[in-house]
Amino acid sequence: MQILTLGNELLRQKAAPVTNIDGELAKTALEMIEALKDGKGVGLAGPQVGISQRIFVVHIEGDVPRVFINPSILETSQEMVKYEEGCLSVPGIWIEVMRPKSVKVQAWNEKGRPFTLETDGILARVILHEYDHLEGILFIDRLPEPKRNRILAKLDRKVKA
Ligand code: NI
């Protein structure tokens, strides 16, 4: 699976709801988990692999791979925490981003089973990052303006180089 990078307009579009959780979608989810492994990432969303649909996968160390289809963020904590983030679609950039400490999310898995998950730590962080991808939001958008501009300028120089 090819991973799209910053500049591709699909990354900026709001992804459409999944209308049918079938064998083909389950296969796509598996391929996304494989692509995640290859890319040494912890999360990957549909739009990043050219699928503008509301699906993302998360696989953090010591945990099982998880598939989220048509997710809804039900709750986030008031408490915000800083944590270093990167993104397979924004290669070479690692930067601290503020996000809620914990999250409660509802979604369906690749077998079509609904589930609710309440979590914090790295898992919450990755879920919120991947959910943003479905909305066309990238982690650099979560930075304060001056910091964001510095990063964009740096990326711009890289693109032109
Ligand atoms: Ni990302």
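Me: Two strands pair if DSSP finds at least two bridges between them. What makes E6 and strand E7 a pair here?

Reply: Seven is the number that counts: 7 bridges join E6 to strand E7 (residues 114-120). Strands (E, at least two residues) and helices (H or I, at least four) are DSSP runs, numbered from the N terminus.

Me: What kind of model is this, and how are residues numbered?

Reply: The model is predicted, with pLDDT of at least 70 needed for local features and 80 or more for side-chain atom pairs, while totals for chains, interfaces and linings use all residues. Numbering starts from 1 along each chain as its sequence is written, and side-chain values use heavy atoms, leaving out hydrogens and water.

Me: Which residue has a positive phi in the hairpin of E6 and E7?

Reply: Gly-112, near 85 degrees. The hairpin has 5 residues between the strands.

Me: How do you know that E3 pairs with E6?

Reply: 5 bridges join them, in the antiparallel sense. The threshold is two, so E3 and E6 qualify. Ser-72 stands opposite Gln-106 in E6. On another side, strand E3 (residues 66-76) pairs with E2 over 4 bridges, also antiparallel. There, Val-57 has Val-67 in E3 as its bridge partner.

Me: Why is Gln-106 called buried?

Reply: Buried means under 20% relative accessible area (exposed is over 50%, partly exposed in between; 1.4 Å probe, protein chains only). Gln-106 is at 17%, so it counts as buried. Its contacts (heavy atoms within 4.5 Å) include Ser-72, Leu-74, Pro-114 and Phe-115, leaving aside neighbours within four places in sequence.

Me: What about Leu-123: buried or exposed?

Reply: Buried, because its relative accessible area is 8%. Leu-123 is found in helix H2. Not counting residues up to four places away in sequence, Leu-123 touches Val-58, Ile-60, Asp-63, Arg-66 and Leu-117.

Me: What makes the largest nonpolar core a core, and how many residues has it?

Reply: A nonpolar core is a set of buried Ala, Val, Leu, Ile, Met, Phe, Trp, Tyr and Cys residues joined through side-chain atoms within 4.5 Å. The largest has 17 residues; Phe-56, Leu-123 and Ile-127 are among those with the most contacts inside it. Strand E2 (55-58), strand E6 (102-108) and H2 each supply at least two of its residues. H2 gives the largest share, 7 residues. Apart from this core lies another, of 13 residues, with Ala-29 and Val-49 among them.

Me: How do you know that Cys-87, His-129 and His-133 coordinate the nickel ion?

Reply: Donors are N, O and S atoms within 2.8 Å of the metal (3.2 Å for Na, K and Ca). Here SG of Cys-87 and NE2 of His-129 and His-133 sit at 2.1 to 2.2 Å, so they count as donors. Their spacing is C-x41-H-x3-H. Cys-87 is in strand E4 (residues 80-87) and His-133 in helix H2 (residues 121-134), linking distant parts of the chain, 46 residues apart. Both Cys-87 and His-133 are buried. Water is not among the atoms, so a site may look incomplete.
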